[in-house]
Structure formats: structure tokens, C-alpha cells
Amino acid sequence: MMNWLNKHSLAFRLSITIIACVCLVFFVLIYFISGRVEKIIHAQINHTAQEAVNAYAGDFNRLTSDVEQIVTNTKNTLSQTRENDVSSLEVVLNSAIQTVENSDLNFTEAWVYTFPAEDVSTGTFYISKYLKNGKIDFSSKKISNFYEAFPWFKEVPKKEKIYWSEPYIDVDTGKAVVTCLIPFKFKDEIDFNGLAALTVDLSTIQKSINNFSFYETGKLLLLSRSGLYVTHPDNNIALKMTIFELSKKINLPELETAGKKMFAGETGNIWIPHSSVYNGPVIFFYTPIKKIGWGLCLVYAQSVLLKPIQRFQIIMTIGLLVGILTLLFIINQICKHSTNQLLQLSKLAEKYGRGDFSESFKETPFSSDIRILAKALSNMRTNILDYTEKERKDAADKQKSQSELEIARNIQKASLSTKYPQHEAFKIATMMIPAREVGGDFYDFFFIDQNHFAVVMADVSGKGIPAALYMMKSQTLIRNISKNNIDIADVFYRVNNELCEGNDTCMFVTVFMAVVDLLKGDVQYVNAGHTPPMLKTQNGYDFMSPKKNLILGISRNTTFAVEKIKLNIGDHLFLYTDGVTEAENAKAKFYGTDRLKKILQKATDDPETNLNLVLSGIKKFVKENAQSDDITMLDFAYLGSSEGRLSLPADNKNLSKMIDFLKTDMAKHCVPQKKQFNVIVAAEEIFSNIANYAYQKDGTVEILTYVHDNIYYVRFSDSGKKYNPLEHKDPDVTLDLKDRKIGGLGIFLAKKLSDTISYSYEKKKNILTIGVHLL
Amino acid sequence: MTNPELPELKVEQQRENGTLVCKLSGWLDPNTSPDLLCKVDLTDVRSLVFDMANVEYVFSSGLRVLLIFQKMMEEAGGNIRLINVPEQIKSVFEDTGLDKLLDAKA
């Protein structure tokens, strides 16, 4: 059912439901009210019937009373007269008839009958009646057949009491009449010898009764004492049939019962299922006219009752239909309106769904419940528009900032040199891991002149493009002003003043700069507000405690304190920015100086390796946490001066040249005499090895000497065929000479005579290094 | 045709009753050492003595020559001695374990 309903439109469903409910309520109401109304109408009609009947009965009683009064008066007067006093009789009767004439009664005649007490049938009539011309006619006649004319008289009791006859047809006029009489005794008579009577024409009564109308079809029925119908719509019954006879005839025992009850003095009504006159069921109302023992009935068709009810029902039904139609119309209109609104909204929603948000609307024209949907849709539109606008803006911003980031990063990247100079006196490595947003860190290294090398580590305040530009400016200034100028104090002074120039945004830069004398290892440095660098000596890396100077870019004409240290061969300078020590892990803890120092305990002589070591330490510490600042590091290893360098053709003829060189060099480095000899012997061996075997044609031997960790090293390198002499087995010097081959002795000597010896093959060069302890 | 820049090795030989004393002066290096073998005539020599007093360096090539002489003398039933070996050269012998092979005296 529900499924079936759901297939139809909202209007249809609503209509069906509401109409069903309304009809149910209406029919229940109609049924209920009909019952009530029927009862009320029934009661009302009964009451009206009763009143009508009572009124009529009252009228009838009054009429009969009048008649009785006249008769009684006549009797009273006559009982004071003699029987033979005809003149008196005439006066009395004339007066009586005149009285009647003055009343509403339609009488026929007033008469007196005198008779001998012993024989009623023979006597004299004295009659007074109106003629057609309006005159009163008094006449008398003798008769001998009184009973023939008035057969009912036999039933009249011989008492001085009013007696009403049954209706009968007057033989003279042929009219239905009824007679009211009273027996009496003339003056001085012992026995009844007279009758005073008034004969009343019933036609008037019949007429008035027949004219009586009750709810159009209702009829009054007058019944005489014997149950004879005095009036009846059916002429075959009126004055011809009694109620009892009719009851038998139409086989309706209820009618007989009603008649009996009526004549017993009861009032009531019965329902007769079918009446030939009314051609349907009727209600038969009865009441007695007690004075004369007659009865009065009211018959009316039951349809009289139904009519108002039917009318009520028809009106109700029409009302219902009109109501339902109106309701349908209204529902349809409302639904149509709502559906239209919904349709309108759904069209909009579809439009929005396609991404077309051009059409906006106000919620106000919508009905209250749909307004919620409309509002939601309107809100959705606004939100989506806002959101897309925001997204678009965000994307644009992102793109912009991304490109800005890119620019800044490119500036930074371009500024940072990654090409390390190849130099015997030092080895350098740098590292720069930029944060997502450029932080403004930079490092630099450059030759000031042939023997002076500068390393710089700096951090510009701020981030992004401004920082990148300021970084570039700082770097350029430092480089340019440092050119051929080893007065580092002057460099800082001038760079600072330049940076102060037009620095409205109060940007600044922290700088550590060191200039190394590559020959002597002397270093002068200035720390302008930068994190203290680390120095690696024999004891490993440790933080320096440089004098504090003002950061650059803030105060004009600042002087900067220069400090000096001497680097021994193998010493390192480790420069970094706070991106290293302040690398942050997920618990918001900094990597810190302790961890830095600790990890550098594992440092090697190779700067590159050292930087990677630190980086791996930081990565292990911060784990997945996003890098917040640039990580910038520089490791500078001082390898000593390049004085001890010699390049010779690989020929034994040059042996003495090499030995001369070594002698001078070792003397300079204070190599002990005995060690000097060992070195020379070993060196000769290596040199002649190279001279004899390394090259097929001509080649050179590069000799480098240096001191590191109190060891004097001599490094031989040749680009001849790859050969590791240390892989040779040592000759067994313990064997007897006979059993021993004379060969491989040279490298054996070299091994024995040096304190350290190592071989490597780097850049297609055989490198053999021997070393002797200086102490 | 000697290259004035190249170190030389001078040999003074004294023969006496089958004993040959060779006074060496200069370097025993790859350039000079092979010559020594040619310069020394071991005919009828029972005992070969190298006076090392004026030897500046003995490199492996020199040692090799000395060891060759030793081998030759041993095969001929003679002997070989090094005398007046400078301390530093002697320490080279000691450092390399050659002192066990060569009879070298200061």
C-alpha cells in the first residue's frame, strides 16, 4: 500500500490520505448526527402531532360542550313547561337554534320529541330549523315509528343525561349528522316523556378535519364511540367502517389494539409498516376525545420524518463534497506550490552540482518547511563558493609562496659554492640542507691571496626572499672587501657599514670568518654574534670561546675584535649555524652542543665524512620531525704547508735531487738524524721502484712531505701502472743466503725503516706514504 | 762521461796475501752499485773486506751487490767483511735484520 502510494506524487498521496480521513470522520459524524437528528425530529414531530391532536380534540370538546349546553338549557326550560304548551316549545326551540346560529356550529335542527311515557315510538316532533331564506321554521308532526327513524334510541338510557348518537345519515337532507339529546320530564310529569335534542351537521367538522394538514401528508381521523371512521381519506371507509373492521380487513392487529387503547382513554402511537394510502410506512397517532367517548387519530407518512434527515444528509454530503473539493484544490495548490519550490530547489541543486553557482536566491519566498531546505541549499552554495574562493586563493598564495620559496632557494643555492679548491694545505667540505622556507644561512670559502684562505659561516635574520637577498648582499660584500685584504678587522668594519646602509628593515647577519695562513697555519678570526665554532686539535673537537662582537648591519662604525690561533697540521675548524644545534625533534628538544660534540668524537681526518657524520646524528635525533631551519656546516682541515713538495721525472738519475730535498725538508721539520737516514733509504727504494717499474716510458714522481700528529710523512705518488708493493711477501732474511733469492729487498727495507707505511690508489695514482715519528 | 750531479762511488783496492780491501766512498745506489761488481776483481781473493768509512748511503741496490759478493765468496770458500761501517748504516742493517747475514763492524 505504502509502496503503491509512494509511486504517486506528494499531492496525490496527501489528497488520498486527507480525503480518506475526512470522509471517515464525516461519515461517522453524519451517522451519529443523523441518529440524533432523527430522534430529535421524531420527538419534535410527535410533539407537534400531539399538540395538533390535542388542539383539535380541545376544539371538538368545546364544540360538543356548546352543543351540550344548548341542549341542557333547552331541556331545563322545557321541564318548566307543560307538554301541551306548544307556543312555549316554539320559543324555546327557536331560541336554541338562534344560539346555535350565533356559535360556530353548523347545526341542522333543534328539536323536541314528546311522547307518552308508556310508548316512545308514537309521539310528536317539534322541530325548529333555519330555512334557506334565513327564516326560522317551526314545525311539528306526529309519528308512530320513532324507532324506525332512530334505531339507536333504544340504547339511550332513561336518565336525564346527555347522550350523543352515533353519526348517521339524515334521511331528509342525506347529510352525515350526529345528534345530542337528553331525555326529560315535562312539568309535573312523573315519567320521562320528552327529548330535547340538537342535530349537528358533521360535514363542517369533516371539512375542517379534511382540510387539516400535518407535514403535507398528515391526516386527522375522527372516530365515533363505536370506532366508526367519521372522517377518512378513503371515502369507502368514512362513515362505513370501524377501526376494528378495518383492522381485520387489512390484517393489522396493531390497529385494533390501538383503537381499544384509545377508547380506553390512552394516548399513543403505532408504526404501521405499510399503508396503501401513503404507499409506505406510516405513523398512527391516537388520542381519545373523552367527553363524548370519541377518538382522534393522526396518520402521517414516515417519510415525513426521513425528509428532514435526508435533507440534512444531502446538505451534509454536499457540504462534504464541496469541502473535499475545496480541500483537494487547496492541497493541490499547496503541494504544487511546495513541489514547485522543491523542483525549483532541485533544479538549483542540479545546477550547483554541475559547478554552476551563478544563480542565487532568497529563502524568504519559500514556505517554512521548505525554507529550511532552501536555507541549507543557500548556505551550501555560499559555503562552496567561499570554500572554492578560499581554495583558489590558497592555491594562488601557495603557488606564489612556492615560487617565492623557489626564488629564495635559488638565490641561496646560487650563492653557495660547492666547488672545493684542490690544495695540498687543506681540505674543505661544506653542507647546506635548506629548510622548506629558506632561512638565510650561508657559508663561503675563498682565497684572499695565494697563501690566505678564508672560511665564512653566517646566518641572516628572517626567512624567505628578504633573507636570501640580504644573504647575497652580505656574501658579496664580504667577498669583495676581503679581496687582497687580509686585515680582517677592516673587512668586518667595512662590511658592517655597508650593511647598515639603508637597512630600514633592521635586518642583520651573524658572521664567523676565519682567514688561514696556509703556509704557517696562523688563523685570525672574528666572530660577529655567530654560534661559537669548533676546533679540532689532538684532543678532538671542542667549542671555541671567541670574543663576542656585535652582529652586522645594526650599528655603524663598529670595530671588531680579531683573535688569533695557530692551526697545527691535522687541525680542523668546524663552522655551523644554529640550524645544527637547534635541530628540533618531535618532543621539541634541541639537538644541542653536547650531542654535537659527542658525535664529533667519531670524526675522521676527512671533512666530508665528518659532515655526513654530524648530519646522520641530527637525522637520527629529529627523526620524522620537519626541519625548521637550514642546516649549514663547514669543516676545514689544515694539512700543513705545502713546502715539502717535489715533482721529479721518474729516473734514478734524480735520486740525489730527491735526497737533497728530503734532507733539507727533514732538517726543517727537525727529523732526528737516525730517522732521516732511514727515511732516505726507504725513499730511495720507493723512488727507484717507481723509476724502474712504474712507467713504460717517461713519468713523474710527486713527493709531498708533511707533519701530522708528530709524524713526518713522505708521500710518493705516480700515475704509472697500479701496483701495491705492500702486497709483496717479505723476504725471509733469516734463511741462509744460499736458499734466498736476492730480490724484494727494497720494499722490505722501506717497511722496516719507516714507522708507518700505507698504500692507496686514488685518482689513478699510486700513493705510497711513509712516516717516521718525530719524537 | 760522468754526470757531475750524480753521486759517485769511488773504490780503492789494496791486495795483500789473498786479502782484498776495498775502500768505498760515496753512495751505493742503483746507479753506482752495478759498477762495483765490475770494478772488483776477486781472482785469488780469500778474504774480501769493504771499508765503509766513507760510504754515505747504502741503498738496497748496494746491499744487493754486497750480498752477491758474499755469495760469491762463500761459494769460493772465502769470506767477506764490512769494516768501519758508519753507525747509521749499521743501524739500517740492524733494523732490517741484515746484520745477521753480513759481518759488519764499525
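This is a predicted model: local features need pLDDT of at least 70, side-chain atom pairs count only at pLDDT 80 or more; totals for chains, interfaces and linings use all residues.
Local features were kept only at pLDDT of at least 70 and side-chain atom pairs only at pLDDT 80 or more, while totals for chains, interfaces and linings use all residues. Residues are numbered from 1 along each chain as its sequence is written, with chains lettered from A and ligands numbered from 1 in the order in which they are written.

Chain A comes out with 17 helices and 26 strands (DSSP runs numbered from the N terminus: H or I of at least four residues for helices, E of at least two for strands). Of its 775 residues, 32% are buried, meaning that 20 or more other C-beta atoms, placed from the backbone, lie within 10 Å of the residue's own. Among contacts in chain A (C-beta atoms, placed from the backbone, within 7 Å) with a separation of 6 or more, 64% link residues 24 or more positions apart.

On to the interface: 21 residues of chain A meet 25 residues of chain B.

One helix pair spans the two chains. Helix 17 of chain A packs against helix 3 (residues 87-96) of chain B at about 100°, axes 9 Å apart (axes are lines fitted to C-alpha atoms over the stretch in contact, and angles run from 0 to 180 degrees between N-to-C directions). The two helices are therefore roughly perpendicular, a label covering 65 to 115 degrees.

Key: Two residues are in contact if their C-beta atoms, placed from the backbone, lie within 7 Å. Angles under 35 degrees count as roughly parallel, over 145 as roughly antiparallel, 65 to 115 as roughly perpendicular and the rest as oblique. A residue is buried if 20 or more other C-beta atoms lie within 10 Å of its own, exposed if 12 or fewer, and partly exposed in between; C-beta atoms are placed from the backbone.
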